Amino acid sequence: MNEELDYSKLNVVELKAISIAYENMIHHTDNSPYPYFSATMGTLGEQFIDYPAENAGSLKIFYDELTTICRHLLDLSPVPPSLDPDELVNSATNDELINGMLKTGLIHTLVSDLQAIQKVIEIRLAMIECGSNTGAYHEIH
């Protein structure tokens, strides 16, 4: 396959996701290909900093559920038939390459966003364990 990839079947969100993923690769950044989704997930995650201490057990179970979800999402990530770019281009169709890029970006985004929520939960659980409802992170949020 020596021709350019055909993106004509993609919608605006898919095109933007591929564009951001490409920029990440070029600039060695890790911006979300789905920035509005990630921003919303971040806002949701911040709510856990005020989670009631008396429900810490539920919060620990939710944390474990997120760990399991992330692990299984990563298992769903497409595995390319080859890691050699030339071989991959010659063995995959246009649609397979684009679908692989989109699926990989989506799974990476979901896992990253869920792990960010886990980090807030870790902070909250540490605060509960120490009997603290203050601190730099709590003051920011």
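Predicted model: local features only at pLDDT ≥ 70, side-chain atom pairs only at ≥ 80, totals over all residues.
1. Start with the aromatic side chains. Two aromatic pairs turn up here. In one of them, Phe48 and Phe62, the ring centres sit 5.3 Å apart and the planes meet at 25 degrees, so this pair counts as stacked; the cut-off for that word is under 30 degrees.

2. Phe48 belongs to the loop between helix 2 and helix 3 (56–76), while Phe62 is part of helix 3, so their pairing ties together parts that are 14 residues apart in sequence.

3. Phe62 comes out at 29%, so it is partly exposed. Buried means under 20%.

4. Phe48, Tyr51 and Phe62 make up one aromatic cluster.

5. Next, have a look at the surface. Tyr7, Leu15 and Met101 form a nonpolar patch there, and together they have about 240 Å² of accessible area. Tyr7 sits in the segment before helix 1, and with a relative accessible area of 31% this residue is partly exposed.

6. Finally, check the backbone at His28. Its phi is near 55 degrees, which is a positive value in a residue other than glycine. You'll find His28 in the loop between helix 1 (12–27) and helix 2 (35–46). His28 is also exposed, at 72% relative accessible area.

Technical notes. Residues numbered from 1 in each chain as written. Heavy atoms only, no water. Helix = DSSP H or I, 4+ residues; strand = E, 2+ residues; numbered from the N terminus. Buried < 20%, exposed > 50% of the residue type's maximum accessible area, 1.4 Å probe, protein only. Patch = residues over 30% accessible without salt bridge, like charges linked within 9 Å, V, L, I, M, F, W, Y side chains within 5 Å. Areas by Shrake-Rupley, 256 points an atom, 1.4 Å probe, with all protein chains shown as cover. Salt bridge = Lys/Arg side-chain N within 4 Å of Asp/Glu carboxyl O. Phe/Tyr/Trp six-rings, centres within 6.5 Å; stacked < 30°, edge-to-face > 60°.
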